[in-house]
Amino acid sequence: MSNKRRRVVCDYCHGRARCVDSKRIYPYRPDLIGKWFWLCEKCDAYVGCHPGSTTPLGRLANAELRAAKQSVHYALDPLWKSGEMKRSAAYAMLAEALQLAPQNCHIGMFDVQTCEAAVVALRAYKKTT
Ligand SMILES: [Zn+2]
């Protein structure tokens with residue numbers, strides 16, 4: 001359900017985030033038209049939403065956290081995109097390395113520290129295989 005009045009708080013300034021459309025965040029990404037984002041202009045922090053909804057995918061991320069999450073994806077995604085392992089197995093391996101319950105192992109929920117630990121764990125995993 002679409003609910004632009006939901007209360008989404010920015011983790012950085014604890015102010016309320018605003019629900020905006022994709023053009024506000026990615027003006028040159030026609031593939032994202034129709035998707036919603038939650039934005040804190042003060043912190044330049046935002047997060048996308050689950051498809052077809054205004055439910056945020058995780059916490060708002062500023063530039064530093066966005067870069068940290070990207071580096072986790074660069075380390076993790078090739079494992080399952082290459083067919084080396086299933087996506088669920090890749091996430092289960094990461095959850096175990098980080099000592100997280102699998103249901104809590106969502107990169108969208110990670111903070112910068114967890115992202116850094118994830119990259120270290122993934123590099124160690126690649127060395128052993
Ligand atoms: Zn903020």
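I call a residue buried when its relative accessible area is under 20%. The model that I examined is predicted.

**Entry on helix H4.** I looked up which residues of H4 are buried, and found Cys115, Ala118, Val119, Ala121 and Leu122. I then asked what covers them; the cover includes helix H2 (63–81) and helix H3 (87–98). I also checked the length of H4, which comprises residues 112–128. At 1.5 Å a residue, its 17 residues should span 24 Å, and the end C-alpha atoms are 25 Å apart, which agrees.

**Entry on the zinc ion.** I looked up the protein donors of the zinc ion: they are the SG atoms of Cys10, Cys13, Cys40 and Cys43, at 2.3 to 2.4 Å from the ion. Along the sequence, these donor residues follow the spacing C-x2-C-x26-C-x2-C. I recorded the arrangement as tetrahedral because the 4 donor atoms subtend angles of 104 to 113° around the ion, and the criterion requires all angles to lie between 85 and 135 degrees. Cys10 is buried, with a relative accessible area of 0%, whereas Cys13 is partly exposed at 24%.

**Entry on the strands.** I turned to strand S2 (residues 36–40), where 4 of the 5 residues are buried. Strand S1 (residues 18–21) runs antiparallel to S2 and is joined to it by 4 bridges; Asp21 has Trp36 of S2 as its bridge partner. S2 is also joined by 4 bridges to strand S3 (residues 45–48), again antiparallel. Here the zinc donor Cys40 has Ala45 of S3 as its bridge partner. Between S2 and S3 the hairpin has 4 residues, and Asp44 takes a positive phi near 50°.

Methods: Residues numbered from 1 in each chain as written. Predicted model: local features only at pLDDT ≥ 70, side-chain atom pairs only at ≥ 80, totals over all residues. Heavy atoms only, no water. Helix = DSSP H or I, 4+ residues; strand = E, 2+ residues; numbered from the N terminus. Expected span 1.5 Å × (residues − 1). Buried < 20%, exposed > 50% of the residue type's maximum accessible area, 1.4 Å probe, protein only. Contact = heavy atoms within 4.5 Å. Donors = N, O, S within 2.8 Å, 3.2 Å for Na, K, Ca; no water. Tetrahedral: all angles 85-135°; square planar, octahedral: opposite > 155°, others 65-115°. Pairing = 2+ DSSP bridges.
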